[in-house]
Amino acid sequence: MQINKSKPSVPVFSIEEVNQFRINTPGSYEVLHFNNAGAALMPSSVIEAQINHLQLESIMGGYEAAKFRKNEIADAYHQVGILLNCNSSNIAFTSSATDAFSKALSSIHFEKEDVILTDQDGYVSNQIQFLSLVKRVGVKLVYIENELTGGIDLNDLQNKLESYQPKLLSISHIPTNSGLVQPVLAIAGVFEAYQKKHPNKTWYILDACQSAGQMKLDAIKLQCHFLSFTFRKFLRGPRGVGALFVADAVLENKLEPLFIDMRGAEWKEKDIYLPATSAIRFEDWEFNYAAILGARESVIYALSIGEDRIWSQLQFLSVYMRNALKNIPNLILLDKGMELGALITFYVKGADPVQLQTELNTAKINTSISYRAYGLIDFDEKGVTWAIRASPHYYNTIEEIDLLVSTLKANLSDK
Ligand SMILES: Cc1ncc(COP(=O)(O)O)c(C=O)c1O
C-alpha cells in the first residue's frame with residue numbers, strides 16, 4: 001500500500017499569485033508544461049539576464065563582458081550560498097549536475113575493494129560511473145535495501161555503514177523516474193551518528209538534482225560532503241549550468257578533482273601546482289557566463305517566492321494530479337514512498353508511450369518518457385519498461401492538470 005505522509009489539500013498560492021507567476025513566464029502562454037523535471041520554463045528575469053549578457057559579449061568581447069559583470073558573477077555564488085545555507089566559498093559552478101557529481105566522485109581516492117554504498121534509485125549516469133569504477137579500480141558496489149513502501153530502509157543503511165565502512169555513500173534525493181523523496185534528514189541523522197564513531201572513513205555525495213527548487217535544501221543539516229544539482233529543472237534556470245556544494249571537510253582534506261584545470265589550481269613550478277583553497281577547485285576555467293547570470297536570477301526568483309511555499313504548492317498540485325490520473329482505466333501510478341514530490345509517473349497497460357506523448361504534444365501538453373534503462377532496478381521491481389512522467393510546477397494550474405487528464409482519457413478511450 002502506498003502511504004503519502006504529505007497532506008496538502010489546499011493551494012498555498014492565491015489565483016492572483018499564480019497569474020503573476022504566469023505573467024512572468026512567457027512560455028506558460030504557449031504550452032502546457034509538465035516537463036519541469038526535464039527543464040522548466042524560465043521566468044523573464046532569467047531569460048533577460050542571459051540575453052543582456054550575450055548582447056554585452058557581442059559588443060564588448062566575451063572576456064571583457066565577464067570582467068564588466070564581475071560583481072554580479074560573484075553574487076551568483078552568494079545567492080547559491082543562501083539557497084543551500086553555506087558560504088560562497090563552498091560553491092562551485094559546473095556545466096551540469098552530472099559534471100558536478102563526476103567531479104566530486106573523481107576527487108575520492110578509490111582503491112581496489114573499497115565500497116560504494118548507494119540507494120537503488122540513483123540516477124543512471126551516476127550508476128554508470130560507479131560501474132566504470134568497478135571495472136577500472138575494482139571497487140565494490142553495495143545497495144541499500146528499500147522499504148516495501150519505497151525509499152531506503154534506514155536500518156539497513158545503518159547496518160551497512162557499520163559493516164562495510166564504505167569509502168562513499170551516495171544518495172539520490174529524488175530519482176529521475178519516480179516521485180519518491182528519500183528521507184534525507186533521517187539519512188543525515190544516521191550518517192552523523194556513524195561518523196562520530198568512524199570519523200574520516202566515508203564521503204557522502206547527495207544528488208539533489210530534482211529536489212533543488214522544489215524544496216529547501218540546507219547543506220549543513222543534510223550532513224553531506226558534496227551536493228550536486230542543476231539549475232534548469234525546478235529552479236527554472238538556464239540549460240547547461242549546474243553547481244556543486246563542497247563541504248569544508250573536503251577542502252581541508254585536500255580532495256581535488258582528478259582532472260583539475262587552471263581555474264581549480266595554479267601552476268607554481270615546473271612540477272608543482274597549488275589547488276585553490278575554495279570550492280573553485282572543482283570548477284573549469286571556461287564558463288558560459290550568460291548561463292551563470294541566468295542561474296543567479298533563477299535563485300533570486302525562487303528565494304523571493306519562498307522554498308517552503310513552493311514545496312507546499314507542489315505537494316498540492318501533485319496530490320491533485322495523482323488523484324485525477326488514478327481514475328483513468330488501465331493507468332497505473334508508479335510512485336512509491338512515504339513522501340512523494342512533483343514527479344508523477346505512470347504506466348498505461350497496452351499503450352504505446354511515444355504515441356501517447358505525441359498525442360499530448362499535439363494538444364501542446366509537454367511530458368516526458370522514462371525507459372527501463374533510466375532506472376533499471378526500480379523499473380524491474382515495478383515490472384514495467386516505461387513510464388510517462390508529468391512534473392508540474394507552481395506556475396501550472398488545476399485547469400491545466402484537468403486538461404492533461406481529459407486529453408489522456410480521450411486518447412486512451414479512442415484505442
Ligand atoms: C536525479 C537526477 N540526477 C542527476 C541528473 C543529471 O542532471 P544533468 O542532466 O544536469 O547532468 C538528473 C537529470 O535528469 C536527475 O534527474
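**Exercise 1.** Is the crossing of H11 and H14 right-handed or left-handed?

*Solution.* This is a predicted model, in which local features need pLDDT of at least 70, side-chain atom pairs count only at pLDDT 80 or more, and totals for chains, interfaces and linings use all residues. Residues are numbered from 1 along each chain as its sequence is written, and side-chain values use heavy atoms, with hydrogens and water left out.

Step 1. Find the helices, which are DSSP runs of H or I with at least four residues, numbered from the N terminus. Helix H11 covers residues 307-325 and helix H14 residues 398-413.

Step 2. Take the axes, lines fitted to C-alpha atoms over the stretch in contact, with angles from 0 to 180 degrees between N-to-C directions. The axes of H11 and H14 come within 10 Å and cross at roughly 25 degrees.

Step 3. H11 and H14 are therefore roughly parallel (angles under 35 degrees; over 145 is roughly antiparallel, 65 to 115 roughly perpendicular, the rest oblique).

Step 4. The crossing of H11 and H14 is right-handed (the near helix is turned clockwise from the far one by less than a right angle).

**Exercise 2.** Describe how H2 and H10 are arranged.

*Solution.* Step 1. The axes of helix H2 (residues 44-60) and helix H10 (residues 289-305) come within 8 Å, crossing at roughly 155 degrees.

Step 2. H2 is therefore roughly antiparallel to H10.

Step 3. H2 passes H10 in a right-handed crossing.

**Exercise 3.** Which atoms of Ala 97, Gln 210 and Arg 232 lie by oxygen atoms of the ligand?

*Solution.* Step 1. Residues around the ligand (a heavy atom within 4 Å of it) include Ala 97, Gln 210 and Arg 232.

Step 2. For Ala 97, a polar backbone atom is 3.0 Å from a ligand oxygen atom.

Step 3. Gln 210 places a polar side-chain atom 2.9 Å from an oxygen atom of the ligand, and for a polar side-chain atom of Arg 232 the distance to a ligand oxygen is 2.8 Å.

Note on methods:
A polar contact is a pair of N or O atoms within 3.5 Å; within protein, one must be able to donate a hydrogen and the other to accept it, and residues adjacent in sequence count only if both atoms are side-chain atoms. Helices (H or I, at least four residues) and strands (E, at least two) are DSSP runs, numbered from the N terminus.
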